[in-house]
Amino acid sequence: MTASPAQASARSPSPPSTSLSLRRVLFQASGRLLALGIVASLGGGAAAVGLVATINAALSTPPEGLSALGLRFAALAVLVLACRTVSLMLFVRLNQTVLARLREHVGARLLAAPYRDLERLGGGQGMALLGEDTNQVATLLVAMPFIVMNGTIVVGCLSYLAWLSWQVFLLSLVAVFGGSLCYRASRKRSQRALREAARWQDVLTGHFSAIFSGAKELKLNRARSAAFLGGPLADAIDRVRAHRTAGLSLLYLSLTIGSTLFFVVIGIILFVLQRPLGADAAVASGYTLVFLYMMAPLEGLLNSLPQMNMARVACQRIEQAAATLDADHAAPMHATVDGAAQPFRELSLHGVTHRYHRESEDASFLLGPIDMSLRAGEVVFLVGGNGSGKTTLAKLVVGLYAPESGHVTVNGRTLSGSVGAAMHREQCTAVFSDFHLFDSLVGLSGAAIDARANRLIARLQLEHKVSVADGMFSTRALSQGQRKRLALVAACLEDRPVIVLDEWAADQDPAFKAIFYREILGELRAQGKAVLVISHDDRYFDAADRMVWIENGRLTDTPPAAGPASRADVRVA
Ligand SMILES: Nc1ncnc2c1ncn2[C@@H]1O[C@H](COP(=O)(O)OP(=O)(O)OP(=O)(O)O)[C@@H](O)[C@H]1O
């Protein structure tokens, strides 16, 4: 591997704000569109109320006065149509803009969160936040013009009623108040059910992704596939169905009771109280017309309440998830190493610990306290049994986990806080055993990068399989060992002084294993890299400058009795 000059790091996107306020995202994203849409909807609603008042006036106007009213009617009808069209167009735009902004915002928030928080959140919930929940919020905006227009019509009709007869207006208010009490009584319970449905939706999303990630295991065994389909998958599908049905049914039930109440009040007014109220025929036909005209918008308004509730639950979930992502430690995305001019000499962990808490078990795994150093131009092998803590230590070394106690120094300088953590990570690159290979050299581009990538690809004997053009790999349809070689190419191109390779050679054939241990590690050493290699290949332990053993989360200065063989002639940490 040829030594190469440091590459300029890619321009990072601007950092996301540390607190996620959905209202801010919604309104900042397109406050002007929202305001215009609301104004158009209000205009449409008001014009619709004007229409009913005109119709009512026409009913009691002699024929000679009808032409003026006809003109007013036509103008109002055109206004209603125009406002409706404008508001629909604006809200469709708003819906897509907000959906895009929300996705960007949630994505950026997730990317800025500490790795440990992402592990805790889990892929299922993360995917649901980006998909289902953001969709629910944005879908509400499609319904918004109808909600605002219907709301305006109902309020306008009630005001017109008040003008026609204050007694009828007061009775109508009683109906509206009673209806809203019914709705409020059911809302809490319904929201609880909808939240539970959303929680199961996370589980379901996890199962859906298992269909792809576990395709081999499921395809190979029909009984397992059937058990998965009829067991966890069916269970999650059913729970989402049951909780969502319960939540929505409760809401619709209360809304039906509310609208029935309204019918009861209309009936009482028209058939019982008309005489006692002493309304003349014009007024009576006026409020009958208003009631009839108001029914459809009122129902529309009531029917949109469940959607508003679903969106509300989705908003709460996004906000809660954001709150669990440790905002204080969310790293600035473009932190650069202070004193980058200083060549890297050493990265050291001092009394560093990390503990995994398992909620379902009493036991927890404690790594550390760890004291160790990685020096420039040195290849260190980390050796230990399964579950001894090698990968956890590697994550601490590269800064994916922040130390729970102890501290990290680079060139003797303590790195603390979120900026220190970001600086720490800027020094490191890694290929973990569960690495992800992007389809391009994300963040790196240019002819020089392509040329260098293709040289590295040739060095790793992959030139007949894959190449890089415009930063894109020509293919990723490769064997696991070949994909790992590509991941190493991507890691080398980052030009970080510390490189961690977690059981990298495990998937390589014997011939290439020898090349890796005997040649490539030496080339990385010659480039001045500090290399930490997690390995079980005891045949090649002599390729290390220094070896470190780990057992039950603690470093040992001698190989554990039952552990991998050690060579007597390599120094111990
Ligand atoms: N995300 C996690 N949450 C909770 N516990 C974890 C997590 N990752 C690892 N552990 C636990 O921590 C311990 C150390 O795991 P680690 O992956 O560091 O071991 P390892 O030495 O790399 O093992 P292997 O050789 O099998 O890869 C194990 O007991 C494991 O069960």
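Is R375 buried, partly exposed or exposed? R375 counts as partly exposed, because its relative accessibility is 33%, and here buried means under 20% relative accessible area, exposed means over 50%, and partly exposed lies in between, with a 1.4 Å probe and protein chains only.

Hello everyone, and a quick word on ground rules. This is a predicted model, in which local features need pLDDT of at least 70 and side-chain atom pairs count only at pLDDT 80 or more, while totals for chains, interfaces and linings use all residues. Residues are numbered from 1 along each chain as its sequence is written, and side-chain values use heavy atoms, leaving out hydrogens and water.

Back to R375, then. R375 forms a salt bridge with E378, with 3.4 Å between the closest N and O atoms; a salt bridge is a side-chain nitrogen of Lys or Arg within 4 Å of a carboxyl oxygen of Asp or Glu. E378 counts as buried because its relative accessible area is 7%.

Let me show you another one. D495 pairs with R452 in a salt bridge, the closest N and O atoms being 3.1 Å apart. This pair links distant parts of the chain, 43 residues apart: D495 sits in the loop between α11 (480–493) and β9 (498–502), and R452 in helix α10 (residues 447–459). Helices (H or I, at least four residues) and strands (E, at least two) are DSSP runs, numbered from the N terminus. Both D495 and R452 are buried.

Now for the ligand. How many residues surround the ligand? There are 13, and the closest are G387, G389, K390, T391 and T392; a residue is near a molecule if one of its heavy atoms lies within 4 Å of it. Helix α8 (residues 390–397) gives the most to this shell, with 3 residues.

Some of these residues come with distances. A polar backbone atom of G387 is 2.8 Å from an oxygen atom of the ligand, and a backbone N or O atom of G389 is 2.9 Å from a ligand oxygen. For T391, a polar side-chain atom lies 2.8 Å from an oxygen atom of the ligand. Overall, the protein covers 67% of the 640 Å² of accessible area that the ligand has on its own, with areas from the Shrake-Rupley method and a 1.4 Å probe.

Conventions:
Polar contact = N/O pair within 3.5 Å; in protein donor to acceptor, adjacent residues only side chain to side chain.
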